[in-house]
Amino acid sequence: MLTESPDNALTINALTKTVDTGSQPLTILKGVDLHIKSGESVALVGASGSGKSTLLGIMAGLDLPTSGTVRLLGDELTGLDEDQRAAVRARGVSFVFQNFQLLPGLTAVENVMLPLEIRADKNARAEAVRLLGEVGLAARLHHYPSQLSGGEQQRVALARAFAGQPGILFADEPTGNLDSQTGRQVEDLLFRLNQELGTTLVLVTHDERLAARCGRRLRMSDGRVEEQA
């Protein structure tokens, strides 16, 4: 069992996840112990079906484990209901996904403003404009997602993710739908913002080169997590 530290953004103890497949139970996670310090960049790698996305969902409080504990940004998630876990996420958690997940009916600046408005930030528009400038989209503020390239959409998603300076950012294959050149640009931006803002980064990827840019690499295999040098 890992000891909780005030320096940890995330602590997981004895985590298991079992699902009912209809014929027999399937154990996806098997006694995972893990800690991630505030400000770290951590890559979670492994073969398809190894449990990476399941673990990420439990880390972020989007799903609950079968047993074990998850402490995220000082809150013990496993004793909370969905509304309470959502409140924890709203206070300090952001996400970036490979399919961008922008709202199609909102412009770039409106998409970035959304989490700021939820937090009742009076400077939401000014902050959204600033962040879009940081990611090189100052000229695309009023474009809708359908009017943006894939790389531009992911940059909007990054600006939205860093709005409000979250304590931890979960990124699931953030460059998976981008060409190699655009993917490198998005990677550079992700790590620059991570370093400048001190946001803890947990990155799920099958890309070993991208994983190597993180401070730590964790490999998932057969439902367990192993630290890699």
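Me: Is Phe 97 buried, partly exposed or exposed, and what is its relative accessible area?

Reply: A residue counts as buried under 20% relative accessible area and as exposed over 50%, with partly exposed in between. In this predicted model, Phe 97 has a relative accessible area of 23% and is therefore partly exposed. Phe 95, at 18% relative accessibility, counts as buried.

Me: Which kind of aromatic pair do Phe 95 and Phe 97 form?

Reply: Two rings pair if their centres lie within 6.5 Å, and planes under 30 degrees apart count as stacked. For Phe 95 and Phe 97, the separation is 5.8 Å centre to centre, with 10° between the planes, and the pair is stacked.

Me: How many aromatic pairs does the structure hold?

Reply: The structure holds two aromatic pairs. Besides the pair of Phe 95 with Phe 97, the rings of Phe 95 and Phe 170 have centres 5.9 Å apart and planes at 25°, so this pair is stacked as well. Phe 95 belongs to strand S6 (residues 93–97) and Phe 170 to strand S7 (residues 168–172), and the pair links distant parts of the chain, 75 residues apart. Phe 170 counts as buried because its relative accessibility is 1%. Phe 95, Phe 97 and Phe 170 form one aromatic cluster.

Me: What does Val 204 touch, not counting residues up to four places away in sequence?

Reply: A contact means heavy atoms within 4.5 Å. Val 204 touches Leu 44, Lys 52, Leu 56, Ala 171, Asp 172, Glu 173 and Pro 174, with residues up to four places away in sequence not counted. Val 204 lies in strand S8 (residues 200–204) and is buried, with a relative accessible area of 1%. Between Val 204 and Arg 160 there are 44 residues in sequence and 19 Å in space, C-alpha to C-alpha.

Me: Where does Thr 200 lie, and is Thr 200 buried or exposed?

Reply: Thr 200 lies in strand S8 and is buried, with a relative accessible area of 1%. Its contacts, again without residues up to four places away in sequence, include Ala 9, Ile 36, Gly 167, Ile 168 and Leu 169.

Me: How many helices and strands does the protein have, and what is its radius of gyration?

Reply: The protein has seven helices and ten strands. Its radius of gyration is 18 Å, close to the 17 Å that the globule rule gives for 229 residues, so the protein is as compact as a globular protein of that length. The C-alpha atoms fill a box of roughly 50 × 40 × 35 Å, taken along the principal axes.

Me: Among contacts between residues at least 6 apart in sequence, what percentage joins residues at least 24 apart?

Reply: Of these contacts, 66% join residues at least 24 apart. Of the 229 residues, 46% count as buried.

Note on methods
Residues are numbered from 1 along each chain as its sequence is written. This is a predicted model: local features need pLDDT of at least 70, side-chain atom pairs count only at pLDDT 80 or more; totals for chains, interfaces and linings use all residues. Side-chain values use heavy atoms; hydrogens and water are left out. Helices (H or I, at least four residues) and strands (E, at least two) are DSSP runs, numbered from the N terminus. The radius of gyration is taken over C-alpha atoms; the globule rule is 2.2 Å times the number of residues to the power 0.38. Buried means under 20% relative accessible area, exposed over 50%, partly exposed in between (1.4 Å probe, protein chains only). Rings of Phe, Tyr and Trp (its six-membered ring) pair if their centres lie within 6.5 Å; planes under 30 degrees apart count as stacked, over 60 as edge-to-face and the rest as tilted.
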